Every structure is written in C-alpha cells, then in structure tokens.
Amino acid sequence: MDTAAAASWRVLAPASSPPRVLQVPKRKATFAASPRRAARSRLLCLLRGKPAPPATENSPLQRLAAALQWGAVWAAVEAPAALAVTGEEDIDLLGILPPIAAFAFVYFLVCPPLIMNWMRTRWYKRKFAETYLQFMFTYLFYPALMFWAPFVNYRKFPRDPTMKYPWSTPKEGTPLFKDRYPPIDS
C-alpha cells in the first residue's frame, strides 16, 4: 500500500543530499471560483460528454457582487423615468444666465490678471507648494490666460534711458547689451 496516497505529505528518506525535504503532492485541478467560469466549465464538460463538476458555493464577496448587480437592474426597472430625458422640461433662461455670466466674468476678467501678477512677483522666491499652486491655477485658467496673453506684458523695460518702450528701437551707436568680453585686437 502506498503511504503517499494516505498522507497529505511524506518525508523523503535521508540521502547524501540535504537532510529532510517535505514533498506536498499536487492537488487535483479545482474549478475557478467565479460563477461565470464555473458555468462555462460545466458547459464544456457537457459538450465533451464528461460529467459536470459539482457547483461551488458562492463566497460572500460573490454574493455581494450579485446583489449589487440585481439592485442596479431593479433600480432601472423601478425608475426608468429618472434615466429618460424627454426634452420637454421648461428651461428658465433668466435663472441660468446670471450665474453663467458671473462665472464667466470672474473666470475671464478677474482671475487671470491676479494669477499673472502673482506669478510675476513670486517667480524666483517661491517654494514647492507655491509652485504647485501656480501651475495648478495656470492649468485651470489656461483659456482665460491665453485670452489675456497678447495684452499683458510683464517684460522689464530696457536699460537704455533713451528707449521709452520695450519695442522701441535704440538710437544709433547705443549698444544693445553690455559686452562680456573685451574687443579682440587683430
């Protein structure tokens, strides 16, 4: 009589290799725990002419998932009017336009200059959290900032006192920048 079949594990006899080694026999293949896989495997067994495996018990998690699915189906059956939009609803235009106008005014005309000035004043002094907030507001107000970009100019004025605006051209003979290197004599 084979002792391996009677015990769930057996101890191998000591040899010249390491002392004792536990060997666990392979279990028979069990069917998947999900109900869909179990149903598919039963169907395949019926098609091949083999006996179907016994149905597995559902775990609490599977029962919860099934209950949630059935609840969603029953909610759709019980209240189909909540899912349907007929288009016959009366839209109060005077109730919708003032909040939209206020939001657009703040989004396009109030916030972008404040954000741009905040970035201008704190650009080289900011820490990580302030940098994160500035980039977050830049992302949130990007369309409005692009609307303001052609009109707002935070470039420094030129150092040449004869130039009034950044787009002015310097007078003849005025260097555009300070020479970093002395002139080369040839």
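Mentor: In this predicted model, the structure holds 7 aromatic pairs. One of them joins Phe103 and Tyr107, whose rings are stacked, at 5.7 Å centre to centre and with 25 degrees between the planes. Both residues belong to helix α4 (residues 93-122), where they stand 4 residues apart, about one turn of the helix.

Because Phe108 lies in helix α4 and Phe147 in helix α6 (residues 142-148), the pair ties together parts that are 39 residues apart in sequence. Phe108 is partly exposed, with a relative accessible area of 34%, and Phe147 is also partly exposed, with 45%.

These residues belong to a wider arrangement. Ring pairs link Phe103, Tyr107, Phe108, Trp118, Phe137, Phe141, Phe147 and Phe151 into a cluster. For context, the unreviewed UniProt entry lists residues 96-119 and 131-151 under "transmembrane region". In the model, residues 96-119 are 100% helix, with end C-alpha atoms 34 Å apart, while residues 131-151 are 81% helix, with end C-alpha atoms 24 Å apart.

A further contact with an aromatic ring involves a charge: the charged end of Arg126 sits over the ring of Trp123, 3.9 Å from its centre. As to confidence, the protein chain has a mean pLDDT of 74, and 55% of its residues reach 70 or more.

Definitions and conventions. Residues are numbered from 1 along each chain as its sequence is written. This is a predicted model: local features need pLDDT of at least 70, side-chain atom pairs count only at pLDDT 80 or more; totals for chains, interfaces and linings use all residues. Side-chain values use heavy atoms; hydrogens and water are left out. pLDDT is the predictor's confidence in each residue, from 0 to 100. UniProt positions are given in the numbering used here, feature names are shortened, and annotations may be inferred rather than shown by experiment. Helices (H or I, at least four residues) and strands (E, at least two) are DSSP runs, numbered from the N terminus. Rings of Phe, Tyr and Trp (its six-membered ring) pair if their centres lie within 6.5 Å; planes under 30 degrees apart count as stacked, over 60 as edge-to-face and the rest as tilted. Buried means under 20% relative accessible area, exposed over 50%, partly exposed in between (1.4 Å probe, protein chains only). A charge sits over a ring if NZ of Lys or CZ of Arg is within 6 Å of the ring centre and within 35 degrees of the ring normal.
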